[in-house]
Amino acid sequence: MSEDIETTAIHPVRKKGHGPMVEPIFMSSTWRLKDAKQGADFALSTAPPEFYTRWGNPTTRDLELVLAKIEGGSNAIATGSGMGAVSSTVFTFVRPGKNVVAGKSLYSATTEMFARYLPQFKVNTKFLDTTIEGTFTKAVNRDTCMVYVESPANPTMELTDLREAAEAAEKVGAPLVVDNTFATPVNQRPLDLGAEVVVHSATKYLGGHTDVIAGAVITKDEETFKRIWKVYKMLGPSIGPFEAFLVRRGIKTLPLRVKRQNETAMALAEFLEGHKAVSRVHYPGLRSFPQHRLARRQMKGFGGMLAFEVKGGYKPAVRFAEGVRLASLAVSLGGVETLVEHAASMTHGTLTPQERKLAGIDEGLIRVSVGLEASADLIEDFRAALK
Ligand SMILES: Cc1ncc(COP(=O)(O)O)c(C=O)c1O
């Protein structure tokens, strides 16, 4: 029987005997070697934890163990940022002359990588409307080197049918990579649904306390882990041992935090749906959400992220974002504090208006990351700011 994530997040393995309860922070960039042969062996091995900290580190290894376990993977790489995880993974799989198939709604730097950077290396991306059934089956072909999605996607909350995307990818031998930052493994485990790789911005829910920039790659099998690790080690987006310690500590309370955030987000989404200044609420838990049935099928909880459109567009949305008092106007997400941001001018402001339109981002869209405050207090804050 598989263990509940509440248990695994604390005890990924059972340690016995005398020792510290918490893995110490190994602030050492390198390890003294017994002899030259030992150094030569480490140099050729994958992820040795006591050689050189870009290769590996005991504190980081401790984090990687729990990351692999909670996502149901075989192994994991902790990175210095979410984009370090995304780029190490993407650069492992792309090939000149081949195509990437991706969801159209993605974190802005990921969109930039696919739309502006990869074409320089003759890799073109087909951006799909993931809300259309059968879209992956149609778009993926023998020249597809990777399928890449966020589900729910940032910031529109659009979902991808992960089983359909995985089946389409598998047919042509391409990996499905899922950015699981929004859902977290508490609400959704893409590897169980057929994905090869999961990536995270661990800056968000995994860290959970708005005090660290970090990322994670989790792979279904060891072979894929080795391939991505080689690229990661060459690109060098390594995490510091102190940051690894903070993320490891955050994960211990991840299941409790996310379950509470699921509940508060639902209450806030229902309140917003009934408000006359709001034209649309994007939250997978609402019956009115176009992919609600898919959400019920592939997610255990609907998450702490939601988005809504303020009537009147850009200006009223900015006024709302500046008007909240308990929530804060800030980018990022997944922490204990509720944050709001205006997507068109902030997180997705680097995109052109056409790119935003393609990604389905309305000029009045407000993205909310629900924290751990009492839901009644949050609803009052939103009611006052919407006035
Ligand atoms: C879904 C998603 N993926 C990746 C990233 C990039 O993460 P980081 O800022 O840790 O590099 C973000 C950042 O907001 C994100 O929201």
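## The ligand shell

The residues of the shell around the ligand comprise 4 nonpolar, 7 polar and 2 charged, where Ala, Val, Leu, Ile, Met, Phe, Trp, Tyr, Cys and Pro count as nonpolar, Asp, Glu, Lys and Arg as charged, and the others, Gly among them, as polar. In total 13 residues surround the ligand, and the closest are Ser 81, Gly 82, Tyr 107, Ser 201 and Thr 203; a residue is taken to be near a molecule or strand if its C-beta atom, placed from the backbone, lies within 6 Å of it. Helix α4 gives the most to this shell, with 3 residues; helices (H or I, at least four residues) and strands (E, at least two) are DSSP runs, numbered from the N terminus.

This is a predicted model, in which local features need pLDDT of at least 70 and side-chain atom pairs count only at pLDDT 80 or more, whereas totals for chains, interfaces and linings use all residues. Residues are numbered from 1 along each chain as its sequence is written.

The chain is divided into domain 1 (5-252) and domain 2 (254-386), with bounds that come from an automatic or database domain assignment. Taken over C-alpha atoms, the centres of domain 1 and domain 2 are separated by 26 Å. Across the boundary, 35 residues of domain 1 are in contact with 39 residues of domain 2, two residues being in contact if their C-beta atoms, placed from the backbone, lie within 7 Å.

On the side of domain 1 that touches domain 2, α1 (5-8), α5 (108-117), α8 (184-187) and α10 (241-252) each supply at least two residues. The largest share of that side, 4 residues, comes from α5, and by class the residues of the side divide into 16 nonpolar, 13 polar and 6 charged.

## Packing of α4 with α9

Two packed helices are described by the angle between their axes and the distance between the axes. Helix α4 (residues 82-93) packs against helix α9 (residues 222-235) at an angle of about 120°, with the axes 8 Å apart; axes are lines fitted to C-alpha atoms, for helices over the stretch in contact, and angles run from 0 to 180 degrees between N-to-C directions. The helices α4 and α9 are therefore oblique to each other, given that angles under 35 degrees count as roughly parallel, over 145 as roughly antiparallel, 65 to 115 as roughly perpendicular and the rest as oblique.

The crossing of α4 past α9 is right-handed; a crossing is left-handed if the near helix is turned anticlockwise from the far one by less than a right angle, and right-handed if clockwise. Ser 87, Ser 88, Thr 89, Phe 91 and Thr 92 in α4 meet Arg 227, Ile 228, Val 231, Tyr 232 and Leu 235 in α9, and the residues of this contact divide into 5 nonpolar, 4 polar and 1 charged.

The axes of helix α3 (residues 58-71) and α10 come within 8 Å and cross at roughly 35°, and the crossing of α3 and α10 is left-handed. The α3 side of the contact includes Leu 63, Val 66 and Ile 70, while the α10 side includes Phe 245, Val 247 and Ile 251. By class, this contact has 8 nonpolar, 2 polar and 2 charged residues.

For helix α11 (residues 254-273) and helix α15 (residues 375-386), the axes come within 10 Å and cross at roughly 30°. The helices α11 and α15 are therefore roughly parallel to each other, and α11 passes α15 in a right-handed crossing. Thr 264, Ala 267, Leu 268, Phe 271 and Leu 272 of α11 make the contact with Ser 375, Leu 378, Ile 379 and Phe 382 of α15; these residues divide into 7 nonpolar, 2 polar and no charged.

## Backbone details

Most residues other than glycine have a negative phi, and most peptide bonds are trans. The peptide bond from Ser 151 to Pro 152 is cis, with omega near -5°, and a cis peptide bond also joins Asn 154 and Pro 155, with omega about 5°. Pro 152 is found in the loop between β4 (144-150) and α7 (162-171), and Pro 155 lies in the loop between β4 and α7. Thr 184, placed in helix α8, has phi near 70°, a positive value in a residue other than glycine.
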